[in-house]
Structure formats: structure tokens, C-alpha cells
Amino acid sequence: MFARRTHHNESFGKHYNSSFDKHRAGKATSSKQKRSFREAAAAVKKVDRLKKPDHNSPPSGSILTSPIITICVGPEKRLFAAHEDVLSHSSFFAAICRGQFLETATKRVSLPEELPEIFSSVLEYLYKGDYYPRLLHNKRRNTWELEETESTGRDNAESTVFHQGAGQVLLKDTMLYCAADRYGLDDLKRLALRKQGLQSGIQCCTILASARYAYANTPDNDSKLRAHYLALIIRSRSTFKRSGTMQMEMEKGGMMFFDLFVAICNHMDDMASTKSPLFTKSPRTPH
């Protein structure tokens with residue numbers, strides 16, 4: 001379903017262990033003949049290769065044998081296909097498969113409001129546990145990084161998606177976080193938030209548009225994605241205060257800017273409380 005970008009095998013469940021006949025007819029040899037060390041080592045390697053499971057064929061009863069569900073996505077009705085058991089890892093799709101929302105004759109689900117680019121990444125996550133670009137661990141630096149993409153810039157087709165309804169370019173990870181919230185995929189929410197924290201070089205207009213999208217598509221009690229944007233704006237305040245886009249967005253108003261005001265006040269209170277009284281100036285008293 002997806003173009004492979006990794007070199008390791010992606011398989012599900014347990015695998016068949018190859019069996020081999022112990023009573024095969026072979027060339028008769030003398031009982032006194034002994035194999036050399038090299039021949040014995042080669043024989044052991046051959047047996048090990050035969051014992052390795054076949055990663056290219058799924059075992060019987062695996063999730064890959066479950067019924068295929070067709071998903072019709074977006075206003076252009078782009079079609080996707082996925083196994084029912086894979087989709088059922090999402091509470092949203094599990095309820096659809098159990099309920100009356102599934103067209104039983106064709107096993108088709110319609111998602112007219114979803115973006116195909118976003119749903120494609122959701123499916124990739126459900127099958128592989130990640131989506132492109134993958135999150136990789138740099139063992140030498142002991143840090144997490146995004147795998148290199150064909151594009152050279154950060155604000156590119158891999159990190160952003162054009163949202164036709166909003167008429168703006170938005171951060172892909174933000175949109176995936178919101179989609180994961182709709183579909184009941186908490187692990188995908190955490191992954192998307194972590195990946196977004198690794199992005200850099202994003203334009204102010206894209207950040208502010210994505211922040212508005214996040215506020216419009218997350219519940220009021222969301223304490224992760226919204227807080228991420230507030231902290232980002234505060235950290236980069238020297239850039240945002242010179243941004244004409246920031247001025248226009250603030251003139252539009254909205255809940256985000258009240259939250260930003262509260263966050264700035266809390267930030268200033270924290271900074272004031274960390275100052276030691278030993279370093280504060282006190283008025284001189286007359287001798």
C-alpha cells in the first residue's frame with residue numbers, strides 16, 4: 001500500500017518456522033569419514049538459514065487475512081484500502097466496523113472532510129508504527145532526529161500540507177495530531193507532537209496558521225499541542241514581535257491569544273520568583 005522507505009522487513013504477528021526432513025536420502029559415506037571444521041561450520045549456517053522464518057508471507061490467522069475495508073477520503077473521493085483488524089486499532093474505526101456506519105455490501109467508509117495526505121500517513125502509522133519522515137535515534141549523539149528527506153528545506157512538502165479549506169499551508173504534524181485525536185490514536189498524537197518539536201526553519205505565517213488550526217480542531221482541555229504553540233511563540237518572541245502576520249493574527253483575536261497572554265504572565269512570574277533576594281537591590285537606610 002505504501003512505498004517502502006526502510007530496508008528492514010515489516011511483518012505482523014508470528015512467522016512460520018521452516019521445517020526440514022531429517023530422513024532425506026543422501027550420498028552414502030563411510031562411517032570413518034569426518035567433515036572438516038569448515039564443512040561443519042557451513043552446515044550449521046545452512047541449517048540456521050533454513051530455520052529463519054519467511055518474513056514475506058504472513059502467517060495464517062494474521063491481521064492480513066481480515067476483511068478489506070475501502071475508505072473514500074476527501075471531496076475528490078480518493079480511495080484507500082486497509083484491513084479491518086488494522087483499522088480497529090483506532091477506536092473511531094472500530095466503532096464504525098461494529099456499528100451501522102459501514103456500508104455492509106461494499107464495506108466502504110466515507111471521510112469527506114479528511115485530507116488524503118493526512119489519512120495516508122495515518123494508515124502508514126497503523127501498519128508500520130511510524131510515518132514518513134521517520135523518527136530515528138542517533139546512537140552516537142543519543143538524540144532523536146527526523147530521517148533525511150529529498151527536500152533541502154524544513155518548510156517543504158514533507159513537513160507541510162496545503163489545506164484547501166483553510167486556504168493555507170499548515171504543519172503536517174499538527175494536522176496528524178488533530179486527526180489522531182479524532183480517531184482515538186493516543187500514541188500517534190504523542191509521535192506527531194514529538195516530531196513537530198524537531199522541526200526548524202518554519203515561517204511565522206505557517207506557525208500561526210497551524211496554531212489556529214490546532215485551536216479549532218482540539219478540545220479546550222488539550223494540554224499538549226496548544227501548550228506547544230504557546231511555548232514556541234514565547235521562546236521566539238523576538239521574531240514574532242517583528243512579524244506583521246503576528247500583528248494581523250492578534251487583531252483577529254481568539255482564544256489562542258488570551259491563552260498566550262496568560263502563558264506570558266506565568267512565564268514572567270516564574271522568572272521573578274527564581275530571582276534570589278540576595279541579588280535584589282534594597283533602599284539605603286540612613287546611618
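Reply: Here is a friendly tour of the salt bridges, pair by pair. This is a predicted model, in which local features need pLDDT of at least 70 and side-chain atom pairs count only at pLDDT 80 or more, while totals for chains, interfaces and linings use all residues. Residues are numbered from 1 along each chain as its sequence is written, and side-chain values use heavy atoms, leaving out hydrogens and water.

Side chains of opposite charge can pair when their charged atoms come close. The structure holds nine salt bridges (each a side-chain nitrogen of Lys or Arg within 4 Å of a carboxyl oxygen of Asp or Glu).

One of them joins Asp 130 to Lys 195, at 2.7 Å from N to O. This pair links distant parts of the chain, 65 residues apart: Asp 130 lies in the loop between α4 (116–128) and β4 (135–138), and Lys 195 in helix α6 (residues 186–196). Helices (H or I, at least four residues) and strands (E, at least two) are DSSP runs, numbered from the N terminus. Both Asp 130 and Lys 195 are buried (under 20% relative accessible area, with exposed over 50% and partly exposed in between, using a 1.4 Å probe and protein chains only).

Another bridge pairs Glu 249 with Arg 212, whose closest N and O atoms are 2.2 Å apart. Here too, distant parts of the chain are linked: Glu 249 sits in helix α10 (residues 244–252) and Arg 212 in helix α7 (residues 204–216), 37 residues apart. Glu 249 is buried, at 6% relative accessible area, whereas Arg 212 is partly exposed, at 27%. Through shared partners, salt bridges join Arg 212, Glu 249 and Lys 252 into one network.
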